[in-house]
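Student: Can you walk me through this one? I'd like the overall layout and how the helices pack.
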Amino acid sequence: MKHSLLNWIEFPVLLAGVIIAGGLWGFEELMEMARATTPHAFDTEILLAFREAGQPDNPIGPAWLEGAMRDITSLGSSSVLVLITAAVIVYLLLIRQSGTALLIFVAVAGGQVLSSLLKVGVDRPRPELVSHLVNETSLSFPSGHAMLSAVTYLTLGSLASRFLHGRMTKTYVLGLAVLTTVLVGISRVYLGVHWPSDVLAGWCAGFAWAMLCWLVARFLQRRKVVTDDE
């Protein structure tokens with residue numbers, strides 16, 4: 001029994017557990033900030049740091065940077081994430097990996113539902129401190145772009161790493177997934193459509209959900225409910 005337990009509690013599993021616990025704790029702390037009647041100094045100072053001093057309508061940096069941020073933020077949009085996820089699921093079905101395809105669908109679709117429920121539960125409006133450089137109509141907390149990009153890219157990154165050889169290659173793919181998620185979150189603050197705490201909360205929830213789905217997938221594979229070669 002002890003030997004079986006040690007086989008299950010490996011370093012990746014412990015790391016996933018730490019990420020889940022840290023994500024839940026961080027989300028709870030940020031939710032208290034979001035429910036405050038006035039914006040926290042942390043939010044206002046960072047949001048204004050992305051604008052020219054005394055000019056809340058003008059973002060910092062050269063003119064091309066604003067366009068680049070719009071391009072980057074689209075990587076976390078629902079349409080792009082659905083397109084990427086659907087393409088991967090169809091490919092997995094074609095190679096008869098229906099179990100893995102189902103896990104990806106549940107992870108991404110579940111993340112979308114969770115994001116929507118959390119937005120309604122907190123009911124935080126978009127920041128009005130600076131001008132919005134893109135149009136948004138939904139609620140602000142947590143950032144759906146930040147959360148869903150974390151869920152989607154981390155889930156797909158962990159899947160891809162299973163088929164790759166070499167630690168360096170696996171690290172590169174997972175690092176690219178994390179980098180994309182981080183850039184999407186930063187773009188939301190730069191464009192003025194989210195408070196920084198919205199983005200941090202989205203990352204916390206997204207990383208926690210992605211790691212939870214990874215643990216479930218690992219458990220099912222160990223139990224032979226889902227196999228790599230069906």
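Tutor: Definitions first. Axes are lines fitted to C-alpha atoms, for helices over the stretch in contact, and angles run from 0 to 180 degrees between N-to-C directions. Helices (H or I, at least four residues) and strands (E, at least two) are DSSP runs, numbered from the N terminus. This is a predicted model: local features need pLDDT of at least 70, side-chain atom pairs count only at pLDDT 80 or more, and totals for chains, interfaces and linings use all residues. Residues are numbered from 1 along each chain as its sequence is written, and side-chain values use heavy atoms, with hydrogens and water left out.

Student: At what angle do α4 and α8 cross?
Tutor: Roughly 130 degrees, with the axes coming within 8 Å. Helix α4 covers residues 63–73 and helix α8 covers residues 167–190.

Student: Which residues make the contact?
Tutor: From α4, Leu65, Glu66, Met69, Ile72 and Thr73. From α8, Leu183, Val184, Ile186, Ser187, Arg188 and Tyr190. Contact means heavy atoms within 4.5 Å.

Student: Switching topic. How many helices and strands are there?
Tutor: Nine helices and two strands. Along the sequence the pattern is α-α-α-β-β-α-α-α-α-α-α.

Student: What domain does UniProt place here?
Tutor: An unreviewed UniProt entry puts "Phosphatidic acid phosphatase type 2/haloperoxidase" at residues 100–214. Such annotations may be inferred rather than shown by experiment. Over residues 100–214 the chain is 74% helix and 0% strand. The end C-alpha atoms there are 11 Å apart.

Student: And what does the C-alpha trace span?
Tutor: About 60 × 35 × 30 Å along the principal axes.
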